[in-house]
2 protein chains.
Amino acid sequence: MGLEEATRLEPLGDGRFGIDLDTDFAIMGNRPNGGYLLTSLGRAAVAAAGAHPFVVAAGVQYGSSPGLGPAVITTEVHRVGRTASQVTASIGAVRAQCTLGSLHDESTPYWGAVEPPSMTPLGDIELSPRPGMPDNGVRMAFDPASGLQWTDDGLVQSEAQGELRAWFHFADGRPVTPLDLLYVVDCLPPATFTILSTGWVPTLDLSVYVRAVPAPGPLRIRFRVQVIQDGFADEVCEVWDSSDRLVAQSTQLAALRMPEG
Amino acid sequence: MGLEEATRLEPLGDGRFGIDLDTDFAIMGNRPNGGYLLTSLGRAAVAAAGAHPFVVAAGVQYGSSPGLGPAVITTEVHRVGRTASQVTASIGAVRAQCTLGSLHDESTPYWGAVEPPSMTPLGDIELSPRPGMPDNGVRMAFDPASGLQWTDDGLVQSEAQGELRAWFHFADGRPVTPLDLLYVVDCLPPATFTILSTGWVPTLDLSVYVRAVPAPGPLRIRFRVQVIQDGFADEVCEVWDSSDRLVAQSTQLAALRMPEG
């Protein structure tokens with residue numbers, strides 16, 4: 001099942017929405033992926049406010065994740081403004097403060113830039129589904145010069161540390177929307193896996209900004225660790241479209257259990 | 001009045017705290033500074049959970065700011081855990097999702113680093129109170145090689161664009177605590193002022209990570225714009241202590257009214 005179908009909402013009234021959290025977006029076997037939850041919450045926030053088409057910023061605090069299957073999203077609309085609206089959306093113990101706004105096709109930077117990284121081009125590597133997992137319509141190609149590789153043996157660490165890079169698109173050719181970017185910024189394995197094999201790495205706090213409507217074509221994702229210190233790691237994710245525009249960016253703080261010594 | 005005194009809380013029961021929002025931390029004449037509000041919210045979150053000493057992450061959504069004077073902070077403790085606790089703290093339409101944890105003195109990076117910028121040294125420039133404003137115990141020295149200067153005429157733009165750098169300490173020599181860092185990451189003027197004179201720049205979403213207990217001595221702050229596009233700007237703030245450790249980092253998304261044409 002694809003992301004759009006897997007985030008379909010049933011309005012229940014009073015700002016509540018039913019959703020069926022799909023196994024095709026599960027991680028660790030039985031929990032919904034964090035970016036999948038955030039996309040669902042963002043979609044509910046937009047529907048609840050009924051004022052702006054896109055989530056432009058979201059701050060998420062992850063408590064214990066809900067299980068797969070039917071669940072209810074609750075929303076609270078704090079403010080509907082001309083430039084932006086503010087909505088809190090929650091599912092189980094996952095709470096997202098969403099700022100909604102408008103974005104225009106083919107916008108260009110007025111000032112500044114974050115340049116896309118140099119990456120192994122498509123053609124040399126192939127977009128493919130996740131090996132050994134259900135097909136959820138997502139196609140990715142990990143840059144072999146970065147820190148992790150999907151192989152037939154699963155996820156394998158390479159020599160490069162601290163940074164993952166990947167190409168991304170949907171198998172059916174559907175353009176990636178601003179809402180989908182809430183999934184894209186959190187779809188890679190933890191970048192800390194390139195440094196430490198720590199088992200599960202709980203994200204405590206995630207912040208996402210959606211900056212532009214992606215141009216058609218595959219996206220590039222860079223996900224990197226900045227500093228691991230005192231049991232916490234911060235990771236930065238950036239996404240570019242085929243016209244080299246930064247379309248989304250995120251930061252997150254994760255708790256790490258450090259090896260002894 | 002200093003920051004510690006200006007964020008003094010009176011417990012009112014049921015997770016509520018009284019505070020007197022002080023004019024010495026006002027901006028634009030009659031509104032409390034955003035970082036001052038966040039420090040107050042963080043202090044309330046720590047008191048409400050009673051489990052961990054510090055706010056290690058906070059995601060803030062700024063609605064209309066409360067006025068100065070007596071106000072009430074409400075808190076909701078979502079989870080008290082071994083590694084981290086989660087609390088939402090609100091004052092007026094300003095809501096902070098706080099993650100609380102522990103930090104150890106003199107921690108060192110296990111992996112990675114964000115190097116401090118080269119700055120004009122103290123001695124060549126002087127830490128001073130904000131000219132023409134009430135003395136709130138904060139002392140700063142703007143790096144003259146960066147984008148803005150305090151002068152007797154107020155805030156003056158220099159030729160450098162997109163980045164502000166400043167030294168910071170408290171006049172009374174009190175060490176800057178992890179809680180104070182919630183103020184430090186948001187105490188500079190908008191970095192967009194070095195590019196556009198747009199008047200008021202409302203922060204929509206702010207995310208802060210506190211990474212270490214600062215060593216004694218003045219801090220260095222770098223506050224920079226990354227991309228201005230389609231009516232929004234993202235700004236990154238980083239803070240280093242006297243031992244060159246990254247002690248805090250933040251990102252924010254602000255709405256900008258762009259000049260015509």
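**Close-up 1. Arg220(A) and its salt bridge with Asp244(A).** Arg220(A) is buried in this predicted model, with a relative accessible area of 11%; buried means under 20% relative accessible area, exposed over 50%, and partly exposed in between (1.4 Å probe, protein chains only). The closest N and O atoms of Arg220(A) and Asp244(A) are 2.7 Å apart, where a salt bridge is a side-chain nitrogen of Lys or Arg within 4 Å of a carboxyl oxygen of Asp or Glu. Arg220(A) lies in strand β15 (residues 219-229) of chain A and Asp244(A) in the loop between β16 (232-240) and β17 (246-255), so the pair ties together parts that are 24 residues apart in sequence. Strands (E, at least two residues) and helices (H or I, at least four) are DSSP runs, numbered from the N terminus. Over all chains, the count comes to 20 salt bridges.

The model is predicted: local features need pLDDT of at least 70 and side-chain atom pairs count only at pLDDT 80 or more, whereas totals for chains, interfaces and linings use all residues. Residues are numbered from 1 along each chain as its sequence is written, chains are lettered from A and ligands numbered from 1 in the order in which they are written, and side-chain values use heavy atoms, with hydrogens and water left out.

**Close-up 2. The salt bridge between Arg245(A) and Asp241(A).** The closest N and O atoms of this pair are 2.9 Å apart. Arg245(A) is buried, with a relative accessible area of 9%, and Asp241(A) is buried at 0% relative accessibility.

**Close-up 3. Glu238(B) and Arg222(B) joined by a salt bridge.** Their closest N and O atoms are 2.8 Å apart. The pair links distant parts of the chain, with Glu238(B) in strand β16 (residues 232-240) and Arg222(B) in strand β15 (residues 219-229) of chain B, 16 residues apart. Both Glu238(B) and Arg222(B) are buried.

**Close-up 4. An aromatic cluster in chain A and the charge over Phe170(A).** Phe25(A), Tyr36(A), Phe168(A), Phe170(A) and Tyr183(A) make up one aromatic cluster. Rings of Phe, Tyr and Trp (its six-membered ring) pair if their centres lie within 6.5 Å; planes under 30 degrees apart count as stacked, over 60 as edge-to-face and the rest as tilted. By this rule there are 8 aromatic pairs over all chains. One of them joins Phe168(A) and Phe170(A) edge-to-face, at 5.5 Å centre to centre and 75 degrees between the planes. Phe168(A) is buried at 0% relative accessibility, and Phe170(A) is buried at 6%. Arg174(A) lies over the face of Phe170(A), 4.3 Å from the ring centre; such a charge has NZ of Lys or CZ of Arg within 6 Å of the ring centre and within 35 degrees of the ring normal.
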